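Subject: Structure handover and notes

Dear colleague,

I am passing on the structure that we spoke about, together with notes on what turned up in it. Please keep it open beside this message while you read.

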Amino acid sequence: MIIRFLNEDFKIRFIYLIALYFCLLFKPQYLLFIAQALVFLRLIAFFKMGPTATFLLGVIMFTLNLVGVYLLRDLIDTLAQGMYLHFTYKDPEMAKSTRSADPWLEQYGFFKQAPYGMFIAFWGPTVKEMVSKPVQLIAGIESGFLLLLFMLLCYKRLTYFLNKGLFNPRIYFALGIIIVGILFVHYPFGFLNPGSGIRYRANFYLLFLLMLFYLFDMNAISRIIKNKI
């Protein structure tokens with residue numbers, strides 16, 4: 001559905017409704033950002049926006065997300081401080097992680113730790129954990145492969161942007177809303193426990209690959225979708 005909307009095919013198919021329903025049922029936190037991207041793309045087409053208007057709309061949507069997080073900062077901070085009940089190393093009987101929840105126990109520590117936390121929650125084990133545990137090492141190698149693949153898929157468009165200044169705000173904002181949004185809501189579930197981070201990222205990393213493959217070769221993925229291969 002995302003790829004079709006990027007290709008300005010806005011026909012609503014029955015399978016989309018089923019997909020959205022299941023996403024709402026099982027992963028509503030992901031649907032929050034997927035829906036934003038779909039609405040963003042639909043508004044651009046409906047009002048026939050040019051690059052400048054599209055860029056401004058993208059900035060507005062990102063700003064609204066930041067404002068929403070700011071307004072809910074105390075609630076989010078309180079919930080983050082309670083995560084140690086599930087991911088704590090202090091109680092041997094409840095221990096589910098070797099990582100400390102201390103960064104979240106100070107006021108707004110959740111947000112201060114977010115840039116690093118979003119990365120390590122997706123990556124999984126730290127270097128120290130990979131060295132000490134062979135199983136974690138395997139997970140780290142897998143994460144390295146995924147990150148390298150992501151970088152290769154982004155390389156072509158990044159080169160165009162740096163060399164020729166070609167920037168498509170419609171595509172980059174749509175994908176950015178989804179990727180950054182999902183990584184942010186994944187962060188609290190993967191930061192304190194590398195095993196949980198690796199398990200939960202299985203819910204969305206294939207979506208990331210599909211979108212980044214579209215970024216790498218828009219025509220190829222469009223043909224695949226069109227031919228239903």
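A residue is called buried when its relative accessible area is under 20%, exposed when that value is over 50%, and partly exposed in between, using a 1.4 Å probe and the protein chains only. This is a predicted model, in which local features need pLDDT of at least 70 and side-chain atom pairs count only at pLDDT 80 or more, while totals for chains, interfaces and linings use all residues. Residues are numbered from 1 along each chain as its sequence is written, and side-chain values use heavy atoms, with hydrogens and water left out.

The overall picture

The protein has 14 helices and 0 strands, where helices (H or I, at least four residues) and strands (E, at least two) are DSSP runs numbered from the N terminus. Of its 229 residues, 38% count as buried. The protein exposes about 13600 Å², of which carbon and sulfur atoms supply 71%; accessible areas come from the Shrake-Rupley method with a 1.4 Å probe, and for residues only the protein chains shown count as cover. If we take contact to mean heavy atoms within 4.5 Å, then among contacts between residues at least 6 apart in sequence, 71% join residues at least 24 apart.

Aromatic rings

Rings of Phe, Tyr and Trp (its six-membered ring) form a pair if their centres lie within 6.5 Å, and planes under 30 degrees apart count as stacked, over 60 as edge-to-face and the rest as tilted. The structure holds 25 such aromatic pairs. One of them joins tyrosine 30 and phenylalanine 204 edge-to-face, with 5.7 Å from centre to centre and 85° between the planes. This pair links distant parts of the chain, since tyrosine 30 is in helix α3 (residues 28–46) and phenylalanine 204 is in the loop between α12 and α13 (205–216), 174 residues apart. Are tyrosine 30 and phenylalanine 204 buried or exposed? Tyrosine 30 is buried, and phenylalanine 204 is buried as well.

Phenylalanine 204 also pairs with phenylalanine 122, in a tilted arrangement with 6.2 Å between the centres and 35° between the planes. Phenylalanine 122 lies in helix α8 (residues 114–123) and phenylalanine 204 in the loop between α12 and α13, so this pair ties together parts that are 82 residues apart in sequence. Phenylalanine 122 and phenylalanine 204 are both buried. Elsewhere, one aromatic cluster is formed by Trp104, Tyr108, Phe110, Phe111, Tyr116, Phe184, Tyr187 and Phe191.

Phenylalanine 55 lies in helix α4 (residues 51–71) and, at 38% relative accessibility, counts as partly exposed. Leaving aside neighbours within four places in sequence, phenylalanine 55 is in contact with Phe167, Pro169 and Phe173. The C-alpha atoms of phenylalanine 55 and tyrosine 172 are separated by 9.6 Å, although these residues are 117 apart along the chain.

Salt bridges

A salt bridge is a side-chain nitrogen of Lys or Arg within 4 Å of a carboxyl oxygen of Asp or Glu, and by this rule the count comes to 4. In one of them, arginine 201 meets glutamate 142, the closest N and O atoms being 3.1 Å apart. Arginine 201 lies in helix α12 (residues 194–201) and glutamate 142 in helix α10 (residues 134–164), so the pair ties together parts that are 59 residues apart in sequence. Arginine 201 is buried at 1% relative accessibility, whereas glutamate 142 is partly exposed at 37%.

Aspartate 9 and arginine 13 form another salt bridge (3.2 Å, N to O), and Arg4, Asp9 and Arg13 are linked in a network of such bridges. The side chains of lysine 112 and glutamate 106 also meet in a salt bridge (3.2 Å, N to O); lysine 112 is exposed at 57%, and glutamate 106 is partly exposed at 42%.

Cysteines

Taking a disulfide as a pair of cysteine sulfur atoms within 2.5 Å, a search of the whole structure finds 0 of them. Cysteine 23 counts as buried at 17% relative accessibility, while cysteine 154 is partly exposed at 27%.
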